[in-house]
Amino acid sequence: MALRRKKKELSPQKLELFRNYKKNPSAADRNDFPGDVAERLIVEANGVCQCCDQRRDAHSHHVMPRARNGRGVYENGLRVCTDCHDWLHADEENLQVWISKHMDMYGTNFWLDEKDWDEFHRREAAAAKIVIQEQRRESIKHSFISIVTMWQGRELKKKEVKLIEKLLAGEREMDLIKNLFDIKAPIEEHHDENQTRIEEFLAN
Ligand SMILES: [Zn+2]
Ligand SMILES: [Zn+2]
């Protein structure tokens, strides 16, 4: 048996694909303007600095600087002359003026690339999940407090409510109480159903 597999000839298309394929582009790569974006910026500037509208353009400037993770996306590009470029990098106020302009044109997060947006949406989804969990906790707590209130036949004291809150501190305790009393969350939607269950529980 041959120790080495014969090297397979790759088609020119495949070779091209491998050349362009980057598995995990580094932050630096993601901040570079790729060829097609750079070309579009140059074509649209049509040889004139987009900052002063007078001198020849010479640089593709990152409106949100690379050092602040401004990506190499079209929305973050500005063709500028050398003087304007130096000025933009020396004067934070001027830099901010252009950041505001691009926010107006392309939205608050104009400098993000696709990967950033994925991350942004993942975080948003995680935050939404936490809100739902919190609502569920509140709902179960609410139901349990009404059970104990009915049990006692009086309003609970602040101290007692605090104690219940302490009791239900963890997810496990929450689940235990929820299953024990078969509480349906959210409580607003299942109010009558929960009430019946509580009454049944107390009657037995
Ligand atoms: Zn200029
Ligand atoms: Zn620049």
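**A loop and its surroundings**

Guide: Asn-46 is placed in the loop between α3 (35-45) and β1 (59-62); helices (H or I, at least four residues) and strands (E, at least two) are DSSP runs, numbered from the N terminus. This is a predicted model, in which local features need pLDDT of at least 70, side-chain atom pairs count only at pLDDT 80 or more, and totals for chains, interfaces and linings use all residues. Residues are numbered from 1 along each chain as its sequence is written, while chains are lettered from A and ligands numbered from 1 in the order in which they are written.

Most residues other than glycine have a negative phi. Asn-46 is not a glycine, yet its phi is positive, at about 55°. The loop between α3 and β1 also holds Asp-53, a residue other than glycine with a positive phi near 60°. Is Asn-46 buried or exposed? Asn-46 counts as exposed because it has 9 C-beta neighbours inside 10 Å. Asp-53 counts as exposed because it has 9 C-beta neighbours inside 10 Å. By definition, a residue is buried if 20 or more other C-beta atoms lie within 10 Å of its own, exposed if 12 or fewer, and partly exposed in between, with C-beta atoms placed from the backbone.

The wider setting may now be considered. The protein has nine helices and two strands, and from the N terminus on its elements follow the order α-α-α-β-β-α-α-α-α-α-α. Of its 204 residues, 17% are buried. The average pLDDT (the predictor's confidence in each residue, from 0 to 100) is 85, and 83% of the residues score at least 70. Among the elements, the lowest mean pLDDT, 59, belongs to helix α1 (residues 12-20), and the highest, 98, to strand β2 (residues 77-80).

Elsewhere, helix α6 (residues 114-152) packs against helix α8 (residues 171-180) at an angle of about 50°, the axes being 10 Å apart. Axes are lines fitted to C-alpha atoms, for helices over the stretch in contact, and angles run from 0 to 180 degrees between N-to-C directions. The helices α6 and α8 are therefore oblique to each other, since angles under 35 degrees count as roughly parallel, over 145 as roughly antiparallel, 65 to 115 as roughly perpendicular and the rest as oblique. Arg-137, Ile-140 and Phe-144 of α6 make the contact with Met-174, Ile-177 and Lys-178 of α8; two residues are in contact if their C-beta atoms, placed from the backbone, lie within 7 Å.
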